[in-house]
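The entries follow the order in which I looked things up.

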Amino acid sequence: MSTETSTTAAIDYQELAKRHLWLHFSRMGAYDRGAEVPVIVKGDGCYVWDEHGNRYLDALSALFCVNIGHGRADIAQAGADQAKELGFFTTWSYAHPRAIELAAKVASLAPGDLNRVFFTSGGGESVETALKVARQYHKLTGNPNKTKFIAREVAYHGTTLGALTATGVTGLRQPFEPFTPGGCHVANTNLYRLAPGYGVENLAEAVAHRIEFEGPETVAAVIMEPVQNAGGCFVPPDGYWQRVREICDQYDVLLISDEVICSWGRLGTWFGAQRFDYQPDIITTAKGLTSSYAPMGAMIASDRVMEPFLQDSNSFVHGFTFGGHPMAAAVALANIAAFEDEGIFENVRENEPHLRGMLESLRDIPIVGDVRGAGYFHAIELVKDRDTKESFGHEEAETLLRGYLSGELFRRGLICRADDRGDPVIQFAPPLIAGPEQFEEIEAVLRPVLEEASRRMGSH
Ligand SMILES: Cc1ncc(COP(=O)(O)O)c(C=O)c1O
């Protein structure tokens, strides 16, 4: 069925959205039964507006995406200008100036010898690309049985069937099984609830144990985020990444740093690996590369990883039509120039303690169990009992997050993320231009809502 829309009459977005638009990760039945679809129509700086004219503080940068902030017509304009010159050409065996310039720029900013840039259309494609590079790298270097990937529990690496191999969230995997074999999972760096048998000092050993268990000759790569998003901004303990690097070297396993969220200033540095001072073999990125003014991602590989692909007639038989799209590349170049010219990362480094301090100040509310994160990427974990760290059961978490918190925070003009892929958390990742004024605004909404949530849930 087609629905006619008039360009002159006001469009009923609610009706059309409910009838035709399939929202991602959404319980669509709720909209079918009458719930309102939140329709965001405009953005400026740290704020967005819905179709009714209500203003929201976007404390999630849409989805960890709009690092430079909303409403940057100049950055979008770079794409439009590019379209006048060359709207599209492919990077399948051709090149064009913007893809070349952007690849060189990204390589100059990436740590160490990460000099080869393979463009994609988003994070999942970047992860998919990295996993395939890792497998083929080992085949080309005489280790055809190195096919497995080690990721961490409750980690999110994307939804394509290959990336799901690495994603460690049971609920996101089960509906689609079986998929590509080879995904193994180890303890993550949830320092608030350490995995049995591990302490802060030996968490990285989980990776070594798993490689030994699987057989080192079968393991292709380890894939992890600098700060793990799902579960609520798990930061690595001191020395963790350095030890993971050593383990990867010891067993000839590639180290993939999945920085779809943690790059482009999110942690106050170009790449998360720079914040924690380690050298990956591959970085996967997307989102903030263009501040999401155009869909684009990248897989960045080291000279060592590239080497076998340069031999004889070898080739990486993989690609996406839109990888390196000229308009997206032009937008990325303008976005990176703005990061540099406007001191955006300095703002993050200067104000990170203010964001952290504001969230820490909420610890007097009984439901606030933990505050953690780095840069402009933080989470609060919600608990039933602070002394015992008792968490909420499934039904209670539903009541808390979906029955109250998500709706109430949004109603009061705050966009953040109430999430229960691990234990219940609320996450904050504001645009990198945010500062104390926005943090005060977050607190003004958050404090009364968390106090009420505490009372409702009987937290103590
Ligand atoms: C660490 C990580 N990897 C991969 C992805 C998948 O990215 P995309 O949604 O662009 O496919 C995400 C998305 O949030 C992510 O956070």
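Which residues lie nearest the centre of the second largest pocket, and how many line it? I work from a predicted model, where local features need pLDDT of at least 70 and side-chain atom pairs count only at pLDDT 80 or more, while totals for chains, interfaces and linings use all residues. Residues are numbered from 1 along each chain as its sequence is written, and side-chain values use heavy atoms, without hydrogens and water.

**Entry 1, the pocket.** I find 26 lining residues, with Thr-91, Val-117, Phe-118, Phe-119 and Phe-316 nearest the centre. A pocket here is an open set of points on a 1 Å grid over the protein atoms alone, where a 1.4 Å probe fits, with protein on both sides within 12 Å along at least five of seven lines; lining residues have an atom within 4 Å of a point. I note a volume of about 720 Å³, taken as the space filled by probe spheres set on the points, which are joined across faces, edges and corners. By class I list 19 nonpolar, six polar and one charged residues in the lining, where Ala, Val, Leu, Ile, Met, Phe, Trp, Tyr, Cys and Pro count as nonpolar, Asp, Glu, Lys and Arg as charged, and the others, Gly among them, as polar. Strand β4 gives the largest share of this lining, four residues; strands are DSSP runs of E with at least two residues, and helices runs of H or I with at least four, numbered from the N terminus.

**Entry 2, β10.** I see β4 and β10 paired in the antiparallel sense over six bridges, and two strands count as paired if DSSP finds at least two bridges between them. Phe-119 has Ala-298 in β10 as its bridge partner. Strand β9 (residues 282–285) also runs antiparallel to β10, joined by four bridges, with Thr-284 opposite Met-299. Six of the six residues of β10 are buried, so this strand is largely enclosed by the rest of the structure; buried means under 20% relative accessible area with a 1.4 Å probe, protein chains only. I checked both faces, and Gly-297, Met-299 and Ala-301 on one side are buried, as are Ala-298, Ile-300 and Ser-302 on the other.

I read the order β11-β12-β15-β14 in an open sheet of four strands with antiparallel pairing. β11 (368–374) and β14 (417–419) stand at the edges with a single partner strand each, so one side of each has no neighbour in the sheet.

Methods: Buried < 20%, exposed > 50% of the residue type's maximum accessible area, 1.4 Å probe, protein only.
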